Amino acid sequence: MNLGMDLGPHAAFILGAYGFTALVVAGLVAHAILDRRAQERALARLAQEPQRHDAQGSRR
């Protein structure tokens, strides 16, 4: 494979490392998006509940 650069005999390793890194970064971004949605749902659910706290901060 020639991408306009010569990666030498380690081309498969280098391209594999870039590919793996891209997958990990994509997974982290997907996890952050899914976690944000879950946190927004949890906050919306908490906002709909009547909030009653005593002086110590525990719920009744």
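Accessible areas here come from the Shrake-Rupley method with a 1.4 Å probe. On that basis, the accessible surface of the chain comes to about 5600 Å², and 63% of this surface belongs to carbon and sulfur atoms. The model is predicted, and the values that follow are computed from it.

The secondary structure is simple to list: the chain holds one helix and zero strands. Helix H1 covers residues 11-48. With regard to burial, 0% of the 60 residues of the chain count as buried.

Helix H1 carries a salt bridge between two of its side chains. Arg36 and Glu40 both belong to this helix and stand four residues apart, about one turn of the helix. Their side chains meet in a salt bridge, with a distance of 3.0 Å from N to O. For the chain, the count comes to one salt bridge. The two partners can also be described by their accessibility. Arg36 has a relative accessibility of 58%, and therefore counts as exposed, since exposed means over 50%. Glu40, at a relative accessible area of 41%, is partly exposed, because this value falls between the limits of 20% and 50%.

A further feature of the surface is nonpolar. Phe20, Val24 and Leu28 make a nonpolar surface patch of about 320 Å².

Note on methods. Residues numbered from 1 in each chain as written. Predicted model: local features only at pLDDT ≥ 70, side-chain atom pairs only at ≥ 80, totals over all residues. Heavy atoms only, no water. Patch = residues over 30% accessible without salt bridge, like charges linked within 9 Å, V, L, I, M, F, W, Y side chains within 5 Å. Salt bridge = Lys/Arg side-chain N within 4 Å of Asp/Glu carboxyl O. Buried < 20%, exposed > 50% of the residue type's maximum accessible area, 1.4 Å probe, protein only.
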